[in-house]
Amino acid sequence: TCFAACILCIDAVNLRASTPQIQTDLDSSGSPSPLLSFVFVSSPAEHKVSYAEVRTTGHTAVGGTRALITSYVQQPFGLAYEPLQSALFVADIGREEVLRYKLEVTRTATVPSYEVVVVGTPLVVVKGMIIKWVAVDTLGNLYYTGAESGTVNKLSALGLKQIVDKVVGPMDMATITAQENILLAEATASEQLHSSSHQAKRGTNSVVTLYEQGVSPHVSS
């Protein structure tokens, strides 16, 4: 047995396939209800992320657990998935990074009938912070917690796209508070800046600190 830091279940209909025919098969597995899912598990102690194919009709794993990510990661912890880009986000507390992996489903000739593979190389989207937990909303915004700073942070979908497109790097992102973000939004809408400090940050990509230990109410370590 191994310590599982995070368990993430993804219905097959939300994964991208390697061919149109496989995509049709995956899409049909969701009607009238999800019949095929994949469960992803992070293991900091074993330095890997694994997965299993699960038939939800019998709630059984097919073919056991298989390794998905074994290289580069040190201590993978939190997991999150963005279906529109078929992207898996891995919070690595050892590397102090959030990594983005593109996933794809292929078909196998034997049981289990499908295999999940990583396409290309991982991309660092957040760097320089011990992060345990990550989440993605329906708009593609990335949220993550700072273990040492006691913060909950938001990287917008636009900022994330610019990192993915390599327009900017993760260390180029300015960090602002939620209140500063509101003021910046108001200034942008009215074309009037409220202070010189906002002037320097306007027009740059920003990570917004939504909550902070010792500052925001109801936030503890």
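Predicted model: local features only at pLDDT ≥ 70, side-chain atom pairs only at ≥ 80, totals over all residues.

Modeller: Happy to. Let me first settle one term: a residue is buried under 20% relative accessible area, exposed over 50%, and partly exposed in between, using a 1.4 Å probe and protein chains only. Residues are numbered from 1 along each chain as its sequence is written, and side-chain values use heavy atoms, without hydrogens or water.

Now to the second largest pocket, whose volume is about 230 Å³. Here a pocket is an open set of points on a 1 Å grid over the protein atoms alone, where a 1.4 Å probe fits, with protein on both sides within 12 Å along at least five of seven lines; lining residues have an atom within 4 Å of a point. The volume is the space filled by probe spheres set on those points. The lining of this pocket has 13 residues, and Glu82, Gln85, Ala157, Leu160 and Lys161 are the closest to its centre. By type, the lining holds 7 nonpolar, 2 polar and 4 charged residues.

Which elements supply the lining? Strand S6 (87-92) and helix H2 (157-164) each give at least two residues, and H2 gives the most, with 4. (Helices, of at least four residues, and strands, of at least two, are DSSP runs numbered from the N terminus.) S6 also has the highest mean pLDDT among the elements of the chain, 98, whereas helix H4 (residues 196-201) has the lowest, 44. Over residues 192-204 the pLDDT is below 50, and this stretch has 18 contacts (heavy atoms within 4.5 Å) beyond near neighbours in sequence. The chain averages 84, with 81% of the residues scoring at least 70.

Most residues other than glycine have a negative phi.

His47 also has a positive phi, near 55 degrees. His47 sits in the loop between S2 and strand S3 (48-55) and is partly exposed at 42% relative accessible area.

Within strand S2 (residues 36-43) lies Ser42, which counts as buried because its relative accessibility is 0%. A polar atom of the Ser42 side chain is 2.5 Å from the backbone oxygen of Phe77.

Technical notes: Nonpolar A, V, L, I, M, F, W, Y, C, P; charged D, E, K, R; others polar. pLDDT = per-residue confidence, 0-100. Polar contact = N/O pair within 3.5 Å; in protein donor to acceptor, adjacent residues only side chain to side chain.
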